[in-house]
Amino acid sequence: DIHRVGVRFSWICPVSFPFDEFSCIIQEKFYRPQIESKEVLVAEFKDIGFALDFDKKGYSFHLMLGTVNKEEICQRILPLQLTAGEVKSLEDPDVAIFYDIDCYTQEISVNDIEPFLDKSHDLAKEMAVGVTDYILEA
């Protein structure tokens with residue numbers, strides 16, 4: 001019996017904003033504190049990230065997203081390993097949205113693993129594109 005199958009995706013989506021300004025944009029889109037929480041914490045954060053757990057289209061997701069700067073990108077995304085064995089690093093943007101998406105399901109049959117892998121990739125990519133569009137819309 002297979003009790004859990006999951007796949008994890010990471011994406012970096014470059015943006016053309018300074019880090020501080022972009023952190024404020026993400027904060028406005030996802031975190032709108034009430035007056036009381038502003039008094040307990042602060043009205044604005046230096047950096048911001050979110051961890052969200054939810055179910056969508058029959059699968060479970062653990063989605064982490066947030067702003068990253070050039071130095072953080074290389075810590076989160078490993079360089080590409082080419083078939084020849086050499087390591088190649090892509091040119092990193094100055095500021096980006098980082099997505100770490102874990103898609104999983106439980107109690108799956110062996111015959112359903114390949115369709116799960118295809119569908120989970122499509123759903124995760126759709127989420128990253130959709131959330132990026134939402135964040136960057138005027």
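A salt bridge is a side-chain nitrogen of Lys or Arg within 4 Å of a carboxyl oxygen of Asp or Glu. The legends below describe close-up views of a predicted model.

**View A. Salt bridge between K29 and E137.** The side chains of K29 and E137 form a salt bridge, with an N to O distance of 3.6 Å. K29 belongs to helix α1, whereas E137 lies in the segment after α4, so the contact ties together parts that are 108 residues apart in sequence. K29 is buried, its relative accessible area being 17%. E137 is partly exposed, with a value of 45%.

**View B. Salt bridge between R4 and D102.** In this view the side chains of R4 and D102 meet in a salt bridge at 3.4 Å, N to O. R4 is part of strand β1 (residues 4-14) and D102 is part of strand β6 (residues 95-106), so the pair ties together parts that are 98 residues apart in sequence. With a relative accessibility of 43%, R4 counts as partly exposed. D102 counts as buried because its relative accessibility is 18%, and buried means under 20%.

**View C. Salt bridge between K70 and D94.** A salt bridge joins the side chains of K70 and D94, with 3.9 Å from N to O. The pair links distant parts of the chain: K70 is in helix α3 (residues 70-76), D94 is in the loop between β5 (87-88) and β6, and the two are 24 residues apart. K70 is partly exposed at a relative accessible area of 36%, while D94 is exposed at 55%.

**View D. Stacked aromatic pair of F9 and W11.** The whole structure contains six aromatic pairs. One of these, F9 with W11, is stacked, with 5.7 Å centre to centre and 20° between the planes. F9 is buried, with a relative accessible area of 11%. W11 is partly exposed, with a relative accessible area of 21%.

**View E. Edge-to-face pair of F30 and Y134.** The rings of F30 and Y134 are arranged edge-to-face, 5.6 Å centre to centre, with 75° between their planes. This pair links distant parts of the chain, since F30 is in helix α1 and Y134 is in helix α4 (residues 113-136), 104 residues apart. F30 counts as partly exposed at 30% relative accessibility, and Y134 counts as partly exposed at 31%. Together with F50, the residues F30 and Y134 form one aromatic cluster.

**View F. Negative surface patch including E28.** D20, E28, E44 and D47 form a negative surface patch. Within this group, E28 is located in helix α1 (residues 19-30). E28 counts as exposed because its relative accessibility is 52%, the cut-off being over 50%.

**View G. Positive phi at K57.** K57 lies in the loop between β2 (49-56) and β3 (59-69). Although K57 is not a glycine, its phi is positive, at about 50°. Most residues other than glycine have a negative phi.

How values were computed:
Residues are numbered from 1 along each chain as its sequence is written. This is a predicted model: local features need pLDDT of at least 70, side-chain atom pairs count only at pLDDT 80 or more; totals for chains, interfaces and linings use all residues. Side-chain values use heavy atoms; hydrogens and water are left out. Patches are made of residues with over 30% relative accessible area and no salt bridge: like charges are joined within 9 Å, nonpolar side chains (Val, Leu, Ile, Met, Phe, Trp, Tyr) within 5 Å. Accessible areas come from the Shrake-Rupley method with a 1.4 Å probe; for residues, only the protein chains shown count as cover. Lys and Arg count as positive and Asp and Glu as negative; His and the chain ends are not counted. The place of a charge is taken as NZ of Lys, CZ of Arg, CG of Asp or CD of Glu. Helices (H or I, at least four residues) and strands (E, at least two) are DSSP runs, numbered from the N terminus. Buried means under 20% relative accessible area, exposed over 50%, partly exposed in between (1.4 Å probe, protein chains only). Rings of Phe, Tyr and Trp (its six-membered ring) pair if their centres lie within 6.5 Å; planes under 30 degrees apart count as stacked, over 60 as edge-to-face and the rest as tilted.
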